[in-house]
Amino acid sequence: MAFVASVGRGKVKTSRLRIPSEANTAAWFFLAPALALIGVFFFLPVAASLLLSVTDFDLYGIADPGNTRFVGLANYSRLLRTHDFWVALRNTFYFAFVGGPLTIAVSLGAALLLSSKLVRFKGLFRTIYFTPFVTTLVAVAIVWRYLYHTRYGLFNYLLGAIGIAPIDWLGDPHWAMPAIILMAVWKSFGYNMLIFIAGLQAIPEELYDAAAIDGAGPFRRFFNITLPMLSPTLVFVTVITMIGYFQLFAEPYVMTQGGPLRSTTSVVLLMYEEGFRWWRMGYAAAIAFVLFIVILLATLVQFRLQKERA
């Protein structure tokens, strides 16, 4: 059953539109394969993981499921009392709230630059900037480990040229996470840049022409036209970037293995270690659901802030 609206004599009337039961049956028939796939490959694994998180399923449980015991919320309680979890959560927030805005700023700057009428060979530059995103992380890590090399790295060579002592980028706990963030920004900004370019192309050129006639400068046109018109795109990019950065795993795994002194261990890397290195699958599932709650809360806060600004 559906509602239809009609306008007559300045009043809006709604009436119910009856859909034949045969049409409902046919709709469910065509939707059934897709719903079955979603149920099997999404909801079923999530439900199994939630069930796993309230058990002590580990290496002995893999050998014989009969060894698995129901432990209730013990995994969650133990997780909140574990020092390594809080360190990993702090590192994840550090990465998300420093790397995320930095990535968005670089992406938006590159998009504005490539959307300018003064730039030539735009297609070439878009391809160059997007290439890091589609390059495998292992190849990227080999190059960046050389760039970060304490003795032969390019960064320390440039610092030495201006009289600054070499930095142990990946061996110093204070510099390891900034080094990971710098590499992540370089690798991922091209994807967001393309989204921003699409958003910029949707802004009517007449708005800029009218503002220019009124005497508005570049900065005023940016803050009064570009940013407001780009707001939906900015919200989308912010949300997907923050969600992706909360799932930090590959960069510290291939660059530092979570070190030095746990300074680059993220929540997902901790979950991987617990689940696939120590085979504490129930405990790892609890970490996954805590991370899910953190990402959900962060996303809701972003939507709330965006709604208040609007």
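Modeller: Let's start with burial: a residue is buried under 20% relative accessible area, exposed over 50%, and partly exposed in between (1.4 Å probe, protein chains only). This is a predicted model, where local features need pLDDT of at least 70 and side-chain atom pairs count only at pLDDT 80 or more, while totals for chains, interfaces and linings use all residues. Residues are numbered from 1 along each chain as its sequence is written, and side-chain values use heavy atoms, with hydrogens and water left out.

Biologist: Thanks! Why is Lys-117 called exposed?

Modeller: Its relative accessible area is 71%, and the cut-off is over 50%, so Lys-117 counts as exposed.

Biologist: What makes the meeting of Glu-205 and Lys-117 a salt bridge?

Modeller: The term needs a side-chain nitrogen of Lys or Arg within 4 Å of a carboxyl oxygen of Asp or Glu. For Glu-205 and Lys-117 the N to O value is 3.6 Å, so the pair meets the definition. Glu-205 lies in helix H9 (residues 205–213) and Lys-117 in the loop between H4 and H5, so parts 88 residues apart in sequence are tied together. Helices here are DSSP runs (H or I, at least four residues), numbered from the N terminus.

Biologist: And why is Glu-205 called partly exposed?

Modeller: Glu-205 has 39% relative accessibility, which falls between the 20% and 50% limits, so the middle class applies.

Biologist: How many salt bridges does the structure hold, and which residues form a network?

Modeller: There are six salt bridges. Arg-262 pairs with Glu-273, their closest N and O atoms being 2.9 Å apart. Arg-262 sits in the loop between H12 and H13 and Glu-273 in helix H13, so this pair ties together parts eleven residues apart in sequence. Bridges with shared partners join Asp-84, Arg-262, Glu-273 and Arg-277 into one network.

Biologist: Is Glu-273 buried or exposed, and how do you know?

Modeller: Glu-273 has 6% relative accessibility, so it counts as buried; Arg-262, at 30%, counts as partly exposed.

Biologist: What makes a set of residues a nonpolar core?

Modeller: The set must be buried Ala, Val, Leu, Ile, Met, Phe, Trp, Tyr and Cys residues joined through side-chain atoms within 4.5 Å. The largest one here has 43 residues, and Phe-95, Trp-144, Tyr-148, Trp-169, Met-183 and Met-255 touch the most other members. Helix H14 (281–309) is among the helices that each supply at least two residues, and H14 gives the most, with nine. A second, separate core of 19 residues includes Leu-114, Phe-189, Met-193 and Leu-230.

Biologist: Which residues is Ser-266 in contact with?

Modeller: Contact means heavy atoms within 4.5 Å. Beyond its neighbours within four places in sequence, Ser-266 contacts Ala-88, Thr-92, Leu-248 and Phe-249. Ser-266 is in the loop between helix H12 (250–255) and helix H13 (267–277), and its relative accessible area of 0% is under the limit, so Ser-266 is buried.

Biologist: How do you know what span to expect for helix H11?

Modeller: The expected span is 1.5 Å times one less than the number of residues. H11 (residues 231–246) has 16 residues and reaches 22 Å from first C-alpha to last, close to the 22 Å expected. Among the buried residues of H11 are Val-235, Met-242 and Tyr-245.
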